[in-house]
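Hi,

Here is the structure I said I would pass on. Have a look at it, and my notes follow below.

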Amino acid sequence: MDKLLVAGTDTIVGANLAAWLANRFQVIGLSWSNSLPIAGCESATCDPNSAEAAHHWVAMERPNWIVYCGTPAESVWTLPTPALPKPESVVVAGTWARAAQEFGCELSVISSDAIFTGPWMFHRENGTCYCDSTPARILRLFEQEVCDVYPNTLLLRTNVFGWSPSEGSPGLVGTILNSLREGRLLALDCMRHATPILATDFADVLEHAYRQKLRGVHHLAGGERINPFRFACLLADQFGLAMSNLSAIETPFENRREYGAGESSLQTRRIRKALEQPLPLIRDGLGRLYEQHMSGYRDRFGGVPQTVPEKVA
């Protein structure tokens with residue numbers, strides 16, 4: 001069984017990758033803040049800003065595959081608004097790429113669709129309709145650093161939704177469902193669009209990409225363009241909740257050039273052709289999200305972990 005090191009299990013994508021793939025890999029999960037137990041995984045904490053952490057963990061664990069989930073891995077749709085990419089994230093991402101190269105590991109790095117903006121729709125990997133905000137510029141440097149240091153990296157731009165590993169940070173899905181169940185008003189943008197994908201669907205495709213040794217920049221997203229308000233309506237319908245407390249808001253035109261506030265839908269033809277598989281529509285993903293709700297899938301977060309003894313960096 002191959003060993004997978006997921007760096008960033010306190011992100012929604014990182015937590016679901018670790019939980020979903022725990023029966024197919026020996027998973028080491030590193031969280032950036034408090035220790036986050038995930039059933040079936042070995043877990044520990046890692047300083048997100050440490051320049052030495054990557055070499056330390058990779059040298060000690062010698063994984064076959066590393067998935068790096070830094071700040072850009074969090075969907076810009078996440079509620080409350082996630083942290084923005086900072087200049088130091090460029091340097092740290094480079095250290096993970098350097099460590100993966102040194103020890104001959106396959107490396108997948110999760111980036112964001114927020115690198116793009118409108119008016120172009122369904123951006124290609126080589127598209128140049130970039131957002132000109134400071135966080136987006138940092139994100140471009142982040143991507144360039146990783147690919148320059150380790151050209152064999154699989155860098156994936158995406159927008160992932162799913163169950164959060166922490167009750168204190170429910171994410172987009174949890175925030176919408178909690179608001180509707182509690183009868184609170186929730187206003188969501190109806191102007192910006194993206195192509196979100198369920199975290200566990202993302203994990204399945206990513207595993208396939210790993211097995212095929214896919215490398216370079218690829219877009220891994222859902223097969224449908226949608227806005228946050230419409231997403232919330234479909235989520236409410238899937239869970240049998242009233243939509244009366246949902247309202248649509250329009251982002252002012254002058255603000256649509258801000259980070260993640262514009263058109264960031266991704267074209268996914270390249271990865272679909274490489275892996276010869278389709279990507280899911282929103283209702284497909286929401287149906288599986290509901291199945292996870294009914295099956296107790298979320299119990300994997302906070303389950304009894306296999307702790308990594310004396311391994312703190």
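This is a predicted model: local features need pLDDT of at least 70, side-chain atom pairs count only at pLDDT 80 or more; totals for chains, interfaces and linings use all residues.

**Salt bridges and a covered strand**

Let's start with Arg-24: at 27% relative accessibility it counts as partly exposed, where buried means under 20% relative accessible area, exposed over 50%, and partly exposed in between (1.4 Å probe, protein chains only). Residues are numbered from 1 along each chain as its sequence is written, and side-chain values use heavy atoms, with hydrogens and water left out.

Arg-24 forms a salt bridge (a side-chain nitrogen of Lys or Arg within 4 Å of a carboxyl oxygen of Asp or Glu) with Glu-207, and the closest N and O atoms are 2.4 Å apart. This pair links distant parts of the chain, 183 residues apart: Arg-24 sits in the loop between helix H1 (12–20) and strand S2 (26–31), Glu-207 in helix H6 (residues 199–211). Helices (H or I, at least four residues) and strands (E, at least two) are DSSP runs, numbered from the N terminus. Glu-207 counts as buried, because its relative accessibility is 12%.

A second pair is Arg-215 with Glu-106, again a salt bridge, with the closest N and O atoms 2.4 Å apart. Here 109 residues separate the partners: Arg-215 is in the loop between H6 and strand S10 (216–219), and Glu-106 is in strand S5 (residues 106–112). Arg-215 is partly exposed at 30%, and Glu-106 is buried at 12% relative accessibility.

Arg-192 and Asp-189 also form a salt bridge, the closest N and O atoms being 3.7 Å apart. Salt bridges that share partners join Asp-2, Arg-24, Asp-204, Glu-207 and Arg-211 into one network. The search of the whole structure finds 14 salt bridges.

Now for strand S6 (residues 154–158): five of its five residues are buried, so the strand is largely enclosed by the rest of the structure. In a regular strand the side chains alternate between the two faces of the sheet. In S6 both faces are covered, with Leu-154, Leu-156 and Thr-158 buried on one side and Leu-155 and Arg-157 on the other.

And what does S6 pair with? S5 is a parallel partner over five bridges (pairing needs at least two DSSP bridges between the strands), and Ser-108 has Leu-154 as its bridge partner. S10 also pairs with S6 in the parallel sense, over four bridges, and there Leu-156 stands opposite His-218.

Cheers
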